[in-house]
Amino acid sequence: MSTEEPEHVEASITDSESKQIAVRLLLYPDALLVQKQEWVNVQLDEEDEVFLNMVREVEIKRDPGAGFGLFVKGGAEHRLPVLISRMMKNQAAEKSGQLLVGDAILRVNGVNVESSTHDEVVSLLKEVEGDSVNLSIRHFRPASYFLNKGNEAKDGPGASRIESTPLSSLPRLEKEWMTALTIPLLYARISSYINGTDKLRNNSFDVVGVEGSKSGPITFENSQITSQWYHTIAAKMQGLLSQMIQMTNQLMTKDDQIHLMCWAHQKMCLDQHHWQGWKEQFIAIKAADVYIFDSPPMHACDWNKCESRFKVYECMLKLLKDSELLDKRQHCCIIRTGSRREIYLSVDSREELLKLEKIWHLASNQAVKGLVSKTFGCTWQGQLSGLMLDLDQGFSLYDHHNKSLLWTYRFGQLKMSSDDGVSKLILNFMADESKQIEKQVIDCSDLQTLIFCIHAFLSAKLSTVDPTFLASQ
């Protein structure tokens, strides 16, 4: 974790019992710390330490007919000494100013009780005759913190002690911010949505580390602070991912570069009437492939463990308008694959969605330029053929048997296309000489993939700024 001075803010977290717990967030460049206030013993000086470790002889005097005002815990049955756990306000033990919560009772009126049970010591104290009792005690530090913590929580600071006595500050408890959770920000995710739904949280968000650490809903005073901290944390996460991509790409060839890594939410059922189940997925675009992971690929071998993988030029990315959304989640898109599968995704901001679209087209163009050409098996006028898409030559149809060229058109000659949604594709080209439309009808079993590849090749051609192609558009 970085040694830089962290940004910090106070907030609250909802626990498992729906209670609000005050927390402080410390934001470092590579980690988010969640701190809670804990009661801690203040460090004592040497003289006080010696005093607490010595055996003390004390006499407690009580008013006639009254008790000593002591509560004890522990005993031999718990493998503990009998400990003073609490002193009643304004009663003998407290008024004496000689006892501390956490003191172990060693002897009662000279009777050794170090091996006695809780009930035996209680009985011995109750049987004391007269108005005083002599106790041999020694402070038991391991139990002092927990007993004092309980008393402080019940009665507030200073409980069970008289402020004017020499022992009033021994041992003293103070509240300090203690780190309860550390969330590494590399590969972490942040969301304002209630997990698995399209419901936004009110002035809160959740941060989840890649190793499973969860902040729980972090709630802030108002929407402005919520938005500020959301974007600050998200920016640090994205910065770390960008650094990781850059470092990884330095070890890879030019043709195997990572273009994008990000978290998204996938809608698991596209039926609008189905319950709204969303699942966090990690999206990566690497070289010519789109990967969908349940968890990020942190090692080279993890790239083979993806849930889904597609060629970017064999798919289509469509950003959805508000009228096309299936529920209240915004910033959505659909990846349509050649197998007619639809992957419905949501990201957390419009900027992320536009970045995904931009990188998608960039990766597709680069992949097509590296591929140069791709051939699809089809039939044309009843004969087996091969339709070749070539970045330089355009559309070319070859006879399957003798490999002879049946026809060819530049990309710029394509004026219109249509399909029947099953296997038939109609391409309308303008002939160079006659300027007449020539219709070519082909039948391809992999129609959807072919259509997406045509779009990818056209986009890649456009990106080369071909004057003939641009003029035809």
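Visitor: Where is Tyr187?
Guide: Tyr187 is in the loop between strand E10 (173–184) and strand E11 (189–191). Strands here are DSSP runs of E with at least two residues, helices are runs of H or I with at least four, and both are numbered from the N terminus.

Visitor: What kind of model is this?
Guide: This is a predicted model: local features need pLDDT of at least 70, side-chain atom pairs count only at pLDDT 80 or more, and totals for chains, interfaces and linings use all residues. Residues are numbered from 1 along each chain as its sequence is written, and side-chain values use heavy atoms, with hydrogens and water left out.

Visitor: Back to Tyr187. Is its phi positive or negative?
Guide: Positive, at about 70 degrees, although Tyr187 is not a glycine. Most residues other than glycine have a negative phi.

Visitor: Is Tyr187 buried or exposed?
Guide: Buried, at 4% relative accessibility. Buried means under 20% relative accessible area, exposed means over 50%, and partly exposed lies in between (1.4 Å probe, protein chains only).

Visitor: What is the phi of Ala287?
Guide: Ala287 has a positive phi of about 55 degrees, and it is not a glycine. Ala287 sits in the loop between E15 and E16. Ala287 is buried, with a relative accessible area of 18%.

Visitor: In what order do the strands of the open sheet come?
Guide: The order is E17-E16-E15-E14-E20-E19-E18. That open sheet has 7 strands with antiparallel pairing. Two strands pair if DSSP finds at least two bridges between them.

Visitor: Which strands are at the edges?
Guide: Strand E17 (308–311) and strand E18 (315–319). Each pairs on one side only. The twist averages 30 degrees from one strand to the next.

Visitor: How many bridges join E16 to E17?
Guide: There are 4, and the two strands run antiparallel. E16 covers residues 289–293. Ile292 stands opposite Ser308 in E17.

Visitor: Which strands does helix H5 lie across?
Guide: H5 (residues 223–249) lies across strand E14 (258–267) and strand E15 (278–286). H5 runs at about 135 degrees to E14. For such angles, axes are lines fitted to C-alpha atoms, for helices over the stretch in contact (heavy atoms within 4.5 Å), and angles run from 0 to 180 degrees between N-to-C directions.

Visitor: New topic. How many aromatic pairs are there?
Guide: The count is 15. Rings of Phe, Tyr and Trp (its six-membered ring) pair if their centres lie within 6.5 Å; planes under 30 degrees apart are stacked, over 60 edge-to-face, and the rest tilted. One of the pairs is Trp380 with Trp407, which is edge-to-face: 6.5 Å centre to centre, with 70 degrees between the planes.

Visitor: Which strands hold Trp380 and Trp407?
Guide: Trp380 lies in strand E21 (residues 373–380), and Trp407 lies in strand E24 (residues 405–409). So the pair ties together parts that are 27 residues apart in sequence. Trp380 counts as buried at 11% relative accessibility, and Trp407 counts as buried at 7%.

Visitor: Why is the pair of Trp407 and Phe429 tilted?
Guide: Because the planes are at 50 degrees, with ring centres 5.9 Å apart. The pair links Trp407 in strand E24 to Phe429 in strand E26 (residues 424–430), 22 residues apart. Phe429 counts as buried at 0% relative accessibility.

Visitor: Which residues form the aromatic cluster?
Guide: Trp380, Phe395, Trp407, Tyr409, Phe411, Phe429 and Phe457 form one cluster.

Visitor: Which ring does Arg189 lie over?
Guide: Arg189 lies over the face of Trp263, 4.8 Å from the ring centre. Lys286 lies over the face of Trp303, at 5.2 Å. The rule for a charge over a ring is NZ of Lys or CZ of Arg within 6 Å of the ring centre and within 35 degrees of the ring normal.

Visitor: How many disulfides are there?
Guide: The structure holds 0. A disulfide is a pair of cysteine sulfur atoms within 2.5 Å.
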